[in-house]
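Subject: Structure handover

Hello,

Please find the structure below. Have it open while you read the notes that come after it.

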Amino acid sequence: MKELLIRSVSGLVLIALVLGCIFVSPWAYAALLLFIVVVGTYEMARLQQMNQPLYLLLGEICSVGAFTCSALAALQVITQKWLVLEILFVMLPFLIALFSKSKDVKHVFAYIYGSLVFLSMPASLMLYFYREDLFGVMAGPGLIVLVFCLLWANDIFAYLSGKMFGKHKLYARISPGKTIEGSIGGLVFTIIAMIVFSHYADWLTIAVGIGLACIAVIFGTLGDLSESMLKRQAGVKDSGKLIPGHGGILDRFDSVMFSVPFIFVYLLLL
C-alpha cells in the first residue's frame with residue numbers, strides 16, 4: 001500500500017510538472033526537455049556500463065548540443081540552416097572511438113547514438129508542435145498534451161486489460177509482464193477515447209485522430225519494449241531512481257520519445 005501511495009503521488013507530481021511546463025510557455029517546456037535529455041543520457045550510459053568520466057562528458061556534450069541546436073531552430077531563435085551543425089554531433093562518436101584506448105568500442109556508439117536517437121532528436125521534435133506554420137490549427141500546447149494523454153491512456157488500459165484478461169505473453173523474452181490481451185485492450189480503449197475527444201475538438205478530425213492514436217500506441221509500446229531490452233541486457237530493473245515508485249527518466253519517457261518521431265512525420269505529411 002505504501003509503495004502504491006508513493007507511486008501515485010510521484011506520478012501526479014510528474015504529470016503536473018509536465019502539463020504545467022507545456023502550458024506556461026515553449027521555453028519552460030524546452031527547459032524541462034533539456035533536463036530530461038541530460039538525466040536520460042546519464043541513464044543511457046548506465047545501461048551501457050559506460051563508467052569512464054570522459055566518455056560520460058562527451059556523451060552529454062553530444063546529446064545536449066544536438067538538442068540545443070534543434071530546439072533553438074524549433075523556437076525560431078536561429079534559422080533552419082543552422083541544423084547542419086547536427087552533423088558534427090553525429091560524427092563525434094567516430095572520433096571518440098578512434099582515439100579510444102579500448103579495443104572494443106561498440107559501447108561508445110551504443111551509448112552516444114542511443115542518447116541522440118532515443119532522447120535528443122525526439123525531445124527537440126516536440127517543440128515543433130508549437131509551430132502553426134507546420135501544423136496549422138493543430139499546433140499548440142493542446143497537441144503536445146494530447147500525445148501524452150494518448151500514451152498515458154494506453155498504459156492505464158493496457159495494464160487493466162492485462163490484469164483482467166491477460167493470458168498470452170506479448171514478448172516474454174523482453175517483458176514478461178506484457179500480454180497480447182493487454183496490448184489490444186490498450187489500443188481499443190485509446191482509440192475510443194480519441195474518437196470521443198475528436199468529437200469535441202474541431203481542430204482534429206476523427207479519421208486523423210484514430211490514425212494518431214494507433215501510431216502513438218503501437219510505437220509507444222515498441223519504445224517501452226526497446227527500453228526493457230536495454231535494461232534486461234544491463235541486468236537492472238529500472239534505468240534510474242529519480243522518480244520514486246517509477247524508476248528513472250527513461251522508464252517514464254521511453255514510450256513518448258520513441259513514438260514522437262513517427263507522430264511528427266504522420267502529422268506533418270497530413
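This is a predicted model: local features need pLDDT of at least 70, side-chain atom pairs count only at pLDDT 80 or more; totals for chains, interfaces and linings use all residues.

Residues are numbered from 1 along each chain as its sequence is written, and side-chain values use heavy atoms, without hydrogens or water.

**The helix pair**

Two packed helices are described by the angle between their axes and the distance between the axes. Here the pair is α7 (residues 141-165) and α10 (residues 249-269). Helices are DSSP runs of H or I with at least four residues, numbered from the N terminus. The two axes come within 11 Å and cross at roughly 125 degrees. Axes are lines fitted to C-alpha atoms over the stretch in contact, and angles run from 0 to 180 degrees between N-to-C directions. That angle makes α7 oblique to α10. (Under 35 degrees is roughly parallel, over 145 roughly antiparallel, 65 to 115 roughly perpendicular, and the rest oblique.) The crossing is right-handed, meaning that the near helix is turned clockwise from the far one by less than a right angle.

Which residues of α7 meet α10? They are L143, V147, F148 and L151. Their partners in α10 are F253, S255, V256, S259, I263 and L267. Contact means heavy atoms within 4.5 Å. By class, eight residues are nonpolar, two are polar and none is charged. (Nonpolar: Ala, Val, Leu, Ile, Met, Phe, Trp, Tyr, Cys and Pro; charged: Asp, Glu, Lys and Arg; polar: the others, Gly among them.)

**Two loop residues**

Q48 lies in the loop between α2 (26-47) and α3 (53-74). Is Q48 buried or exposed? Q48 is buried, at 10% relative accessible area. (Buried is under 20%, exposed over 50%, partly exposed in between, with a 1.4 Å probe and protein chains only.) Leaving out residues up to four places away in sequence, Q48 touches H107, A110, Y111, L230 and Q233.

Q76 sits in the loop between α3 and α4 (86-98). Q76 is exposed, at 54% relative accessibility. Most residues other than glycine have a negative phi. Q76 is not a glycine, yet its phi is positive, about 65 degrees.

**The cysteines**

How many disulfides are there? The count is zero. A disulfide needs a pair of cysteine sulfur atoms within 2.5 Å. For C149, the closest cysteine sulfur is in C21, 15 Å away, so too far for a bond. C149 is partly exposed, at 35%.

Best wishes
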